[in-house]
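Dear colleague,

I am handing over the structure that we talked about, and I would be glad if you could look through it with the notes below beside you.

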Amino acid sequence: MAYWLFKSEPDVWGWDAQVAKGDAGEQWDGVRNYQARNNMRAMKLGEKGFFYHSRSGLEIVGIVEVCAEAHPDSTTDDDRWECVDVKAVRPFAKPVTLEAIKADPRLKGMVLVNNSRLSVQPVSDTEWQIICDLGETKP
């Protein structure tokens with residue numbers, strides 16, 4: 001099973017909005033970056049991801065689960081763009097800030113540290129466990 005990180009600006013689509021969608025989840029639409037799109041194409045049902053508040057907050061605030069594999073993004077007629085649907089699983093007991101992630105030498109190779117602009121990115125098994133531990137949250 002692979003792990004992921006989904007970035008969203010909290011004033012556009014925040015954790016509370018994701019939670020409000022319930023088990024039906026919501027499509028992770030509007031992504032217009034080929035690498036991020038390809039990451040979504042690789043996702044499988046049931047895989048987990050971190051929900052990261054970008055721009056303001058700069059912190060991982062929860063865990064989401066892929067509830068629909070890649071399909072056309074309904075926000076565009078351009079068939080190059082696809083998205084997945086995700087649903088909220090649980091909030092972090094303690095949000096994990098970008099500052100804390102960058103300060104932890106075990107996470108120096110994390111995509112978030114080295115390519116902070118990528119909106120959908122992979123997370124290694126080790127990174128997943130470390131961040132869940134930092135956030136005092138069950139993986």
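Predicted model: local features only at pLDDT ≥ 70, side-chain atom pairs only at ≥ 80, totals over all residues.

Residues are numbered from 1 along each chain as its sequence is written, and side-chain values use heavy atoms, with hydrogens and water left out.

The sheet is open and built from 6 strands in the order β2-β5-β4-β3-β1-β6, with mixed pairing; strands (E, at least two residues) and helices (H or I, at least four) are DSSP runs numbered from the N terminus, and two strands pair if DSSP finds at least two bridges between them. Its edge strands are β2 (26-27) and β6, each of which pairs on one side only. Strand β6 runs antiparallel to β1, with 4 bridges between them, and F6 has V120 of β6 as its bridge partner.

Helix α2 (residues 34-42) has A36, R37, N39 and M40 as its buried residues, where buried means under 20% relative accessible area, exposed over 50% and partly exposed in between (1.4 Å probe, protein chains only). Seen down the axis of α2, these buried residues fall within an arc of 155°, so they line one face of the helix; the arc is that of the directions from the helix axis to the C-beta atoms. Their cover includes β1, β4, β5 and β6.

A search of the whole structure finds 7 salt bridges, each being a side-chain nitrogen of Lys or Arg within 4 Å of a carboxyl oxygen of Asp or Glu. One of them joins R32 and D73 at 3.0 Å, N to O, and this pair links the loop between β2 and α2 with the loop between β4 and β5, 41 residues apart. R32 is partly exposed at 37% relative accessibility, whereas D73 is buried at 2%. Another joins E82 and R41, with the closest N and O atoms 3.2 Å apart; because E82 lies in strand β5 and R41 in helix α2, the pair ties together parts that are 41 residues apart in sequence.

Terms used
Contact = heavy atoms within 4.5 Å.
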